[in-house]
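Here are my notes for you, point by point. Keep the model open while you read.

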Amino acid sequence: QVQLVESGGGSVQAGGSLRLSCAASGYTSSSVCMGWFRQAPGKERTWVATMFPADIGTYYATSVKGRFTISQDNAENTVYLQMNSLKPEDTAMYYCAASTLGGNCLSPRAFNFWGQGTQVTVSS
């Protein structure tokens, strides 16, 4: 059973930075995709970034490319999302997710484990 716990959210002004953390436990395989998603009130949950297993690569949504960075610390079993140059449009609940299904890790359908979310609010 994979368990994910997000932290690091908060309120910042436009142009500021935050780093979100996702502590993971319960892994039985190293072939796991890790992703970040976000959802604003009244809107759909959207994909933000994905890290593929074995350091194959990282991918980002167009809206955050160049501003956000996904990374991981294997020793601590933690995935991070560094968010720079934050905009009010980035305001949302951010969710960490893990995939053990072997599907397309650029699609939310591939992710079968989800964290509880951490709120990010960016003021203008």
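1. Start with C22 and C96, which form a disulfide with their sulfur atoms 2.1 Å apart. The cut-off used for a disulfide is a pair of cysteine sulfur atoms within 2.5 Å. C22 sits in strand β3 and C96 in strand β9, 74 residues apart. Strands here are DSSP runs (E, at least two residues), numbered from the N terminus. The torsion about their S-S bond is about -75°, so this disulfide is left-handed.

2. A word on the source: this is a predicted model, where local features need pLDDT of at least 70 and side-chain atom pairs count only at pLDDT 80 or more, while totals for chains, interfaces and linings use all residues. Residues are numbered from 1 along each chain as its sequence is written, and side-chain values use heavy atoms, leaving out hydrogens and water.

3. Now look at C33 and C105, another disulfide, with sulfur atoms 2.0 Å apart. C33 is in strand β4 and C105 in the loop between β9 and β10 (113-114), so the pair ties together parts 72 residues apart in sequence. Its torsion is about 90°, so the C33 and C105 bond is right-handed.

4. How many disulfides does the rule give? The count is two, and in sequence order the bonded cysteines pair 1-3, 2-4.

Notes
Helix = DSSP H or I, 4+ residues; strand = E, 2+ residues; numbered from the N terminus.
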